Amino acid sequence: QVRLMESGGGSVQAGGSLRLSCAVSGGTVSTLFMGWFRRYPGQEREGVAVIANDGLPYYIDSVKGRFIISRDTAANILYLQLNSLKPEDTAMYYCAAGSAYSLREDRYSYWGQGTQVTVSS
């Protein structure tokens, strides 16, 4: 059973940075497809970034050039570096593990509990 635990969320001003972490147990980041999603209040989760088991990343257009997905295979941790944050990035962020290179929520079987990111203008 894969377990995921996010950390690193918080409150920052626009233009600031945060680094989200996702500790993985019961599986390895080097063999799983890992993704970051976010959910705005009252909405469905939106895929933000995914990293394939070979390390290839993919981002949605709104975060390209600002967010970086990466992993530490030795520590078994997935990261999402959030730079140049905007108020519209305010959301609950979730990491997820699955078996497909996709930003579709239904392709992921395992989810963390989420970590809140709040960006003030």
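A disulfide is a covalent bond between the sulfur atoms of two cysteines. Keep that in mind as we go through this structure. One caution before we start: the model is predicted.

How many disulfides does the structure hold? One. It joins cysteine 22 to cysteine 95, with the two sulfurs 2.0 Å apart. The torsion about that S-S bond is about 55 degrees, so the disulfide is right-handed. Now look at where the two ends sit. Cysteine 22 is in strand β3, residues 18-25, and cysteine 95 is in strand β9, so the bond ties together parts that are 73 residues apart in sequence. Are these cysteines buried or exposed? Both cysteine 22 and cysteine 95 are buried.

Next, salt bridges. A search of the whole structure finds seven. I will take three of them.

Start with aspartate 61 and lysine 64. Their closest N and O atoms are 3.1 Å apart. Aspartate 61 has 62% relative accessibility, and exposed means over 50%, so aspartate 61 counts as exposed. Lysine 64, at 44%, is partly exposed.

Now aspartate 89 and arginine 66. Their side chains meet in a salt bridge of 2.7 Å, N to O. Where do the two residues lie? Aspartate 89 is in the loop between β8 (77-82) and β9 (91-98). Arginine 66 is in the loop between β6 and β7 (67-72). This pair therefore ties together parts that are 23 residues apart in sequence. Buried means under 20% relative accessible area, so aspartate 89, at 1%, counts as buried. Arginine 66 is buried too, with 9%. And there is a link to other residues here: salt bridges that share partners join Arg38, Glu46, Arg66 and Asp89 into one network.

Glutamate 46 is partly exposed, with a relative accessible area of 28%. Arginine 38 counts as buried, at 3%.

Last stop, the surface. Which residues form a nonpolar patch there? Leu56, Tyr58 and Tyr101. Together they have about 300 Å² of accessible area. Take tyrosine 58 from that patch. You will find tyrosine 58 in strand β6, residues 57-59. Its relative accessibility is 41%, so tyrosine 58 counts as partly exposed.

To recap: one disulfide, seven salt bridges, and a nonpolar patch on the surface formed by Leu56, Tyr58 and Tyr101.

Methods:
Residues numbered from 1 in each chain as written. Predicted model: local features only at pLDDT ≥ 70, side-chain atom pairs only at ≥ 80, totals over all residues. Heavy atoms only, no water. Patch = residues over 30% accessible without salt bridge, like charges linked within 9 Å, V, L, I, M, F, W, Y side chains within 5 Å. Areas by Shrake-Rupley, 256 points an atom, 1.4 Å probe, with all protein chains shown as cover. Salt bridge = Lys/Arg side-chain N within 4 Å of Asp/Glu carboxyl O. Helix = DSSP H or I, 4+ residues; strand = E, 2+ residues; numbered from the N terminus. Buried < 20%, exposed > 50% of the residue type's maximum accessible area, 1.4 Å probe, protein only. Disulfide = S-S within 2.5 Å.
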